Amino acid sequence: MIRALPKKNSLLKMSSSALNFEVTHTCNTTKARVGRLTFGRNHTSRGPIDTPVFMPVGTQGTLKGLTPEQLHQLNCRIILGNTYHLGHRPGPDLLKEMGGLHSFMHWDGGLLTDSGGFQMVSLLKLSQVTEDGVKFQSPHDQSEMLLTPEKSIEIQNVIGKDLSSYNSSKKLQITTLSY
């Protein structure tokens with residue numbers, strides 16, 4: 001979880017042992033902020049990331065119509081991977097065999113994963129909320145997947161994400177777990 005550090009030279013810094021965020025500019029009129037996100041422990045190939053940032057979504061381990069080289073030419077530094085979709089295809093077994101999503105995609109930039117919880121709403125016709133989690137029917141082969149918080153984290157760990165987001169009952173939280 002990110003915690004705020006004391007202000008220094010009017011710049012807001014937020015940090016954890018693995019993630020640092022620094023607000024570098026604030027608009028006096030709109031209060032919009034520009035900042036820099038860096039990953040700890042010398043993760044230089046995956047940071048820093050200047051914000052706001054364009055973050056394309058690689059739903060099933062690919063960005064349609066763009067290669068990793070083209071993304072680098074566009075100065076893209078981070079991609080969002082969808083836990084629900086990656087849990088179906090290509091699936092955690094293949095991702096594990098390939099050494100994670102970075103290797104599978106030939107992507108050396110940052111990866112942020114979501115919890116898969118949005119699909120509970122967007123794929124309402126394919127899901128059923130239970131006491132144990134959300135039961136989804138695959139749109140590909142009709143198989144069932146029970147997505148629990150534990151299963152979501154398990155898939156995200158196999159993906160090899162740099163950042164993961166998940167919804168708690170009160171707010172969106174960001175954590176870093178992988179190196």
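**Entry 1**

I started at K151, which counts as partly exposed at 26% relative accessibility. My cut-offs here: buried is under 20% relative accessible area, exposed is over 50%, and partly exposed is in between, with a 1.4 Å probe and protein chains only. K151 sits in helix α6, residues 149-159. For the record, helices (H or I, at least four residues) and strands (E, at least two) are DSSP runs, numbered from the N terminus.

I then looked for what K151 pairs with, and found a salt bridge to E154, with the closest N and O atoms 3.6 Å apart. The rule I used wants a side-chain nitrogen of Lys or Arg within 4 Å of a carboxyl oxygen of Asp or Glu. The two residues are 3 apart in helix α6, so about one helical turn separates them. E154 is partly exposed, at 44%.

**Entry 1: ground rules**

Before going on, I noted that this is a predicted model, that local features need pLDDT of at least 70, that side-chain atom pairs count only at pLDDT 80 or more, and that totals for chains, interfaces and linings use all residues. Residues are numbered from 1 along each chain as its sequence is written, and side-chain values use heavy atoms, leaving out hydrogens and water.

**Entry 2: the other salt bridge**

How many salt bridges does the structure hold? I got 2. I checked the accessibility of both: R36 is partly exposed at 38%, and D50 is partly exposed at 41%.

**Entry 3: from K151 to Y84**

Back at K151, I took a C-alpha distance to Y84: 9.9 Å, for residues 67 apart along the chain. That made me look at the rings. Rings of Phe, Tyr and Trp (its six-membered ring) pair if their centres lie within 6.5 Å; planes under 30 degrees apart are stacked, over 60 edge-to-face, and the rest tilted. The count by this rule is 1 aromatic pair. The partners are Y84 and F136, tilted, with 4.6 Å from centre to centre and 55° between the planes. Buried or exposed, I asked of Y84? Y84 is buried, with a relative accessible area of 0%, and F136 is buried too, at 1%.

Most residues other than glycine have a negative phi, and most peptide bonds are trans. I went through the exceptions.

- T51 and P52 are joined by a cis peptide bond, with omega about 0°; P52 is in the loop between β5 (49-51) and α1 (68-73).
- R89 to P90 is a cis peptide bond, with omega near 10°; P90 is in the loop between α2 and α3.
- H106 is not a glycine, yet its phi is positive, near 60°; H106 lies in the loop between α4 (101-105) and β7 (110-113) and is exposed, at 64%.
- Q142 has a positive phi of about 65° without being a glycine; Q142 is in the loop between β9 and β10 (144-147) and is partly exposed, at 45%.

**Entry 4: a nonpolar patch**

Which residues form a nonpolar patch on the surface? I found M120, V121 and V129, with about 270 Å² of accessible area together. Patches take residues with over 30% relative accessible area and no salt bridge, joining like charges within 9 Å and nonpolar side chains (Val, Leu, Ile, Met, Phe, Trp, Tyr) within 5 Å. Accessible areas are Shrake-Rupley with a 1.4 Å probe, and for residues only the protein chains shown count as cover. V129 lies in strand β8 (residues 127-129) and is exposed at 59% relative accessibility.

**Entry 5: whole chain and confidence**

Of its 179 residues, 41% are buried. The accessible surface comes to about 10,800 Å², with 54% of it belonging to carbon and sulfur atoms. For contacts (heavy atoms within 4.5 Å), I took residues at least 6 apart in sequence, and 48% of those contacts join residues at least 24 apart.

Last, pLDDT, the predictor's confidence in each residue from 0 to 100. The chain averages 78, and 77% of the residues score at least 70. Where is confidence lowest, and where highest? The lowest is strand β12 (residues 172-175), at a mean of 38, and the highest is helix α3 (residues 92-98), at 94. I flagged residues 1-11, where pLDDT stays under 50 and the model has 21 contacts beyond four places in sequence. Residues 167-179 also stay under 50, with 37 such contacts.
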